[in-house]
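Subject: Handing over a structure

Hello,

I am passing a structure on to you and hope you enjoy looking through it. Please open it first, and then read my notes alongside.

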Amino acid sequence: MKNIRTCIACRKKFDKTNHNFIKITINENNCIINNDNSVFGRSCYICKDENCIKKVIKNKIINKVLKKPIDNNIYEKLNLI
């Protein structure tokens, strides 16, 4: 069961090849929405479900999971998805 990822909001598990998630990656000090997997680094995943996105934004879950202060523009971009 390798290549299984977990949504940081709802904790549902899904295959990495499933494109129903948003990947957030931080490397060095840059944090990006990394949907094309072009950047390597510590990452977290969010379902493309509206409730999951709202929960992540409201509770600033990305900061907790990646253990780094995340710029608010990432949360603003998530709000537009």
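Below is what was found in it, going from the whole chain to single residues.

This is a predicted model, in which local features need pLDDT of at least 70 and side-chain atom pairs count only at pLDDT 80 or more, while totals for chains, interfaces and linings use all residues. Residues are numbered from 1 along each chain as its sequence is written, and side-chain values use heavy atoms, with hydrogens and water left out.

**The whole chain**

The protein chain has three helices and five strands; these are DSSP runs numbered from the N terminus, with helices (H or I) of at least four residues and strands (E) of at least two. From the N terminus on, their order is β-β-β-β-β-α-α-α. The radius of gyration is 12 Å, close to the 12 Å that the globule rule gives for 81 residues, so the chain is as compact as a globular protein of that length. Here the radius is taken over C-alpha atoms, and the rule is 2.2 Å times the number of residues to the power 0.38. Along its principal axes, the C-alpha trace spans about 35 × 30 × 20 Å.

Of the 81 residues, 35% count as buried (buried means under 20% relative accessible area, exposed over 50%, partly exposed in between, with a 1.4 Å probe and protein chains only). Among contacts with a separation of 6 or more, 42% come from residues 24 or more positions apart; a contact means heavy atoms within 4.5 Å.

Which residues of helix H3 (residues 72–79) are buried? They are Ile74, Tyr75 and Leu78. Seen down the axis of H3, they fall within an arc of 100°, so they line one face of the helix. The arc is that of the directions from the helix axis to the C-beta atoms. The face turned away from the buried side of H3 carries the exposed residues Glu76 and Asn79. The buried residues of H3 pack against strands S3 (21–27), S4 (30–33) and S5 (42–47), and against helices H1 (50–59) and H2 (61–66).

H1 has its own buried residues, Cys52, Ile53 and Val56. These cover an arc of only 100° around the axis, which puts them on the same side of H1. On the other side of H1, Glu50, Asn51 and Lys58 are exposed. The cover over the buried residues of H1 includes S3, S5, H2 and H3.

**Some loop residues**

Cys7 is in the loop between strand S1 (4–6) and strand S2 (13–15), and counts as buried at 0% relative accessibility. Leaving aside neighbours within four places in sequence, Cys7 is in contact with Lys12, Phe14, Tyr45, Ile46, Cys47 and Cys52.

Arg11 is also found in the loop between S1 and S2, but counts as exposed at 55% relative accessibility. Although not a glycine, Arg11 has a positive phi of about 70°. Lys67, in the loop between H2 and H3, is not a glycine either and has a positive phi of about 55°. Lys67 counts as exposed at 64% relative accessibility.

Asp49, in the loop between S5 and H1, is partly exposed, with a relative accessible area of 37%. The C-alpha atoms of Asp49 and Ile81, 32 residues apart along the chain, are separated by 9.8 Å.
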